Amino acid sequence: MIMARLHPSLPHLLSLRLLGTRASRTAAVKQPELLSATLAFEEPGAFRVKSLGELLRALGIFTLCSFPVLVNNCGKLMSVGRTLLGRRVFSLLLRPTVYAQFVAGENESEISQSMEKMSVLGLRPMLAVPIEEDLGEITGERRYDDNMEAMLECVRISHSNAWSKDPMMQLKITALLSPELCVKLTNLITQQPYDLNLLVRAMDGEPIKFPGLTESEAAHFLCGLQRLNKIAEASVNKVRVLVDAEYTYMNPALSLVTIAMMKKFNKDSAWIWNTYQCYLKESRSLLLKALRLSNDEGFCLGVKLVRGAYMDKERKLAENEGRLDPVHQCWEDTNDSYNGSLDVMLEAISQKPERYRIIIATHNEESVRRAAKRMEELGMDNDGGSMCFGQLLGMCDHVSLTLAKEGYAVYKSVPYGSVDDTLPYLVRRAQENRTVLQGIRKERDLLRQELYRRLSLRGGSQ
């Protein structure tokens, strides 16, 4: 009843949940052991495709990542290292180690080599331009225009190479639009929501006046919307653009812009996607609202489902501002939120696979198994097009490779660029994902088992 009240425009969603429950019982009788055996993620053989050098590199980096003091202070340590060694020597040391583990390369030739190797393994790239801005990082229109050109180049690289049949890329709106303006827009639309059609008209170049914005703010907003419009026009029917969520103090503005892009460009398929952070208490209601809007406004909905990476900062901000903590109180609540949102989307996809898509972006093995099990119960193909999995490049390969081996569509989030360009991005990702980095014991153990296996074979052959 709650689902039906919150989500009246998907009239069969609740009945689908009931049907799914019955299907679950049927599937459980039909193949109770096959799925768990297939997706055990316990086999070190997943790493047999890696060279000895790759094994040693990953094992060394993951061992270092298990020390919280190194992860928490990686930005300072790298800054000191670059100062003491000089930029050139520092870059030479970083390139074959951390950079090679988590970055695809600097130019198109290097990226192509990395992506071709991924393609052989059954993995698909989801390119990410490592540029973003935060509050206080003031830049002008020229910088944002340069960022737009980098995004357009990402569209071109993603489309022009035969790495995967359904290419994706990631985009941060704050690389194209001032974070300060996004914060102001968030405050404005909580009081008086903007009409989506207003933003669509602005994307088309119409000189719109936005309530509550100064003349200079409105001009910058128009420029930002038109930058996003150019990227979307270049990507439609070529590359699916996944827009990242960021902090709660600007997310409503980011979602507003993203959904306006969906309204304009997602008429026949989901080319523009939004991200939903399930560690936030409001994530389920935001997802249901998006499903309702997509039905009411007639656009296709693409969803990138994540747990989230800004937990500590969100909690500190809420405490400093005297607000309620927006983050779930415990890991179990976040898991329930993620798995519940996953169920909602899979049921919606089973009803209208041509209208809804999801990438299950997680390193959590339980959620991956749950998704695969639910797909089987709903009669969905492993690589049917509407559902796929996603993990970060250089991490969680035992999950990614196992899924790819079983025929699922698996994407790896792939940053690219020079050491200088990607270093701030890598530091931020390391700090945001430090709980993931510090919890990779299983992957480290599997790498070690595969290394011991190879060394024993060498010893036995002598």
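Among contacts in the protein chain between residues at least 6 apart in sequence, what percentage join residues at least 24 apart? The answer is 79%, where contact means heavy atoms within 4.5 Å. Welcome to this predicted model, in which local features need pLDDT of at least 70, side-chain atom pairs count only at pLDDT 80 or more, and totals for chains, interfaces and linings use all residues. Residues are numbered from 1 along each chain as its sequence is written, and side-chain values use heavy atoms, with hydrogens and water left out.

**The chain as a whole**

- You will find 21 helices and eight strands in the protein chain; these are DSSP runs numbered from the N terminus, with helices (H or I) of at least four residues and strands (E) of at least two.
- Of the 462 residues in the protein chain, 53% are buried (buried is under 20% relative accessible area, exposed over 50%, and partly exposed in between, with a 1.4 Å probe and protein chains only).

**The nonpolar cores**

- A nonpolar core here is a set of buried Ala, Val, Leu, Ile, Met, Phe, Trp, Tyr and Cys residues joined through side-chain atoms within 4.5 Å.
- The largest nonpolar core holds 106 residues, and Tyr194, Leu199, Phe210, Phe221 and Ile358 have the most contacts inside it.
- Helix H13 (residues 251–265) gives this core its largest share, nine residues.
- Another core, of 26 residues, lies apart from it and includes Ile61, Cys65, Tyr99 and Ile440.
- Leaving out residues up to four places away in sequence, leucine 199 touches Tyr194, Phe210, Phe221, Leu225, Leu256, Val257 and Ala260.

**A pair of packed helices**

- Helix H9 (residues 141–160) packs against helix H12 (residues 215–235) at an angle of about 10 degrees, and their axes are 9 Å apart; axes are lines fitted to C-alpha atoms over the stretch in contact, and angles run from 0 to 180 degrees between N-to-C directions.
- H9 and H12 are therefore roughly parallel to each other, a label for angles under 35 degrees.
- On the H9 side, the residues that meet H12 include Tyr144, Met148 and Leu152, while those of H12 include Cys223, Arg227 and Ile231.
- Sorted by class, this contact of H9 with H12 has eight nonpolar, two polar and four charged residues (Ala, Val, Leu, Ile, Met, Phe, Trp, Tyr, Cys and Pro count as nonpolar, Asp, Glu, Lys and Arg as charged, and the others, Gly among them, as polar).

**Two residues with positive phi**

- Most residues other than glycine have a negative phi.
- Asparagine 237 has a positive phi near 70 degrees, sits in the loop between H12 and strand E3 (240–243), and counts as exposed at 60% relative accessibility.
- Cysteine 396 also has a positive phi, of about 60 degrees; its place is the loop between strand E7 (387–392) and helix H18 (397–405), and it is buried, with a relative accessible area of 3%.

- Glutamate 450, in helix H21 (residues 441–461), is buried at a relative accessible area of 1%.
- Apart from neighbours within four places in sequence, glutamate 450 is in contact with Pro44, Gly45, Phe47, Arg48 and Leu55.
- Methionine 168 belongs to strand E2 (residues 168–171) and is buried, with a relative accessible area of 2%.
- Serine 158 is ten residues from methionine 168 along the chain, and their C-alpha atoms are separated by 7.1 Å.

Terms used:
Parallel < 35°, antiparallel > 145°, perpendicular 65-115°, else oblique.
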